[in-house]
Amino acid sequence: MTRIVIIGGGPGGYEAALVAAQLGAEVTVVDRDGLGGSAVLTDCVPSKTLIATAEVMTTFDSSYEELGIIVADDTPPLAQSARVVGVDLGKVNRRVKRLAIAQSHDITQAVTRAGVTVLRGKGRLGAGGQAVDGSREVVVDREDGTTETVRADAVLIATGVHPRELPDAQPDGERILTWTQVYDLDELPRELIVVGSGVTGAEFAGAYQALGSDVTLVSSRDRVLPGEDPDAAEVLEDVFRRRGMNVMSRSRAESAKRIGDKVEVTLSDGTVIEGTHCLMAVGSIPNTADMGLEEAGVALNDWGQIKVDRVSRTTAPGVYAAGDCTGVFMLASVAAMQGRIAMYHALGDAVQPLNLKTVASNVFTDPEIATVGYTAADVAGGKMDAVEVKLPLRGNPRAKMQGIRDGFVKLFCRPGTGIVVGGVVVAPRASELIHSISLAVDNNLTVEQVAGAFTVYPSLSGSTAEAARQLHIRKREGSDS
């Protein structure tokens with residue numbers, strides 16, 4: 001029986017464990033914090049649970065004005081009909097933690113039912129990292145201070161990342177926070193400074209603004225979400241500003257220090273911003289140090305991320321890696337796929353290499369931003385010859401009914417064949433709407449096929465079909481020119 005040892009119990013680790021067990025391997029998972037990893041315990045599940053509350057607040061704020069909903073207030077006079085709705089952040093965060101722990105428990109049960117052994121502790125490659133008789137030693141430093149050695153025919157590293165900290169902005173867990181510490185807050189930050197305008201910063205900035213905080217978003221780049229579709233980022237930044245957020249572009253934070261019950265953030269130009277709390281969202285560091293990786297021949301890049309190929313192999317025989325510690329595409333879905341692919345390959349099953357151009361991703365802001373396939377940057381950079389159509393949602397009848405003013409559907413297709421190669425959706429629940437475009441990209445469907453499929457009337461998904469119809473005309477014009 002093939003012995004598999006997986007270091008790390010996040011999506012890359014536990015999904016790999018389930019596959020390996022199903023394929024008949026003897027599987028051990030070494031995990032330090034709880035199965036599900038940061039995705040379940042401190043990242044995806046908690047943040048999206050918090051955002052779910054924020055979405056309700058945003059929906060209410062827009063509904064009572066746009067849709068005519070009135071919240072009665074028992075305080076005279078009668079004209080005072082729209083009561084301010086608040087949030088109990090302590091209660092919200094208790095729910096966040098409860099759901100995270102419950103999800104981790106469910107994962108643990110599923111893994112153990114599959115016959116997987118779970119060891120609590122920190123794992124590292126032993127015996128100088130070298131393979132002996134075709135197998136490797138994994139040393140487990142247990143929680144009780146003891147050490148255990150496990151032999152493996154194949155090892156999967158899925159150790160994830162932790163928040164990057166600036167030397168002059170050390171988090172204290174009370175006023176200066178990382179994204180793993182915000183769930184310990186009992187009261188809503190009155191004035192929140194968010195440093196970093198990537199996905200994490202934008203999501204938390206939007207969520208806390210919706211919950212009622214006065215938010216300042218400090219961005220070192222020209223715009224928020226510099227890695228996303230420019231049109232989508234422009235829509236979101238405009239929404240942020242209209243809702244009262246102070247978005248400071250081209251502003252780099254140098255330090256953050258606590259002064260009593262306040263926090264002062266100093267920018268590189270000397271400007272000082274004051275708030276009650278500061279959330280540092282300035283990237284992440286892979287958990288790859290002190291694991292004996294380089295001694296084993298596992299190559300790391302300059303950021304400490306593990307180099308892998310499309311079937312999750314590292315540069316060391318018998319050692320695979322998956323998830324955020326590889327830096328391939330920092331999504332739970334990609335981590336899980338990397339882990340599954342690694343086990344298929346290690347155990348000799350049929351395997352299809354990872355294809356990042358079929359990955360669907362989503363930014364859980366309001367509106368959400370979902371993407372799949374080739375992007376506008378790919379087209380502009382010559383990586384893909386494609387034509388595009390962008391269809392604003394303001395013309396969609398369902399959007400009008402729901403009071404949706406912001407957002408669009410964008411499709412990319414090849415000029416000759418009309419094969420859909422990418423798409424962007426900016427809308428409420430874009431994470432659901434992107435699926436039809438994801439199917440089209442994954443299965444090489446043409447715009448004619450997408451346009452020909454029935455959609456419900458009225459529906460937001462009707463805009464996808466309409467964009468495909470317009471793109472049919474556009475790609476013909478492109479092929480004729």
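Which type of contact do the side chains of arginine 313 and aspartate 309 form, and what is the N to O distance?

Author: In this predicted model, the side chains of arginine 313 and aspartate 309 meet in a salt bridge, with 2.7 Å from N to O. Arginine 313 has a relative accessible area of 39% and is therefore partly exposed. Aspartate 309 is likewise partly exposed, its relative accessible area being 30%.

This pair may be set beside others, for a search of the whole structure finds 25 salt bridges. One of them joins the side chains of arginine 250 and aspartate 222, at 3.6 Å from N to O. Arginine 250 belongs to the loop between strand S11 (246-248) and strand S12 (253-259), while aspartate 222 belongs to the loop between strand S10 (214-218) and helix H6 (230-242); the pair therefore ties together parts that are 28 residues apart in sequence. Arginine 250 counts as exposed, because its relative accessibility is 60% and the cut-off for exposed is over 50%. Aspartate 222 also counts as exposed, at 55% relative accessibility.

A further salt bridge is formed by lysine 410 and glutamate 388, whose closest N and O atoms are 3.9 Å apart. Here lysine 410 lies in strand S21 (residues 408-413) and glutamate 388 in strand S20 (residues 387-392), so that distant parts of the chain, 22 residues apart, are linked. Lysine 410 is buried, with a relative accessible area of 1%, whereas glutamate 388 counts as partly exposed at 31%. Through salt bridges that share partners, Asp229, Asp231, Glu388, Lys390 and Lys410 are joined into one network.

Notes. Residues are numbered from 1 along each chain as its sequence is written. This is a predicted model: local features need pLDDT of at least 70, side-chain atom pairs count only at pLDDT 80 or more; totals for chains, interfaces and linings use all residues. Side-chain values use heavy atoms; hydrogens and water are left out. A salt bridge is a side-chain nitrogen of Lys or Arg within 4 Å of a carboxyl oxygen of Asp or Glu. Helices (H or I, at least four residues) and strands (E, at least two) are DSSP runs, numbered from the N terminus. Buried means under 20% relative accessible area, exposed over 50%, partly exposed in between (1.4 Å probe, protein chains only).
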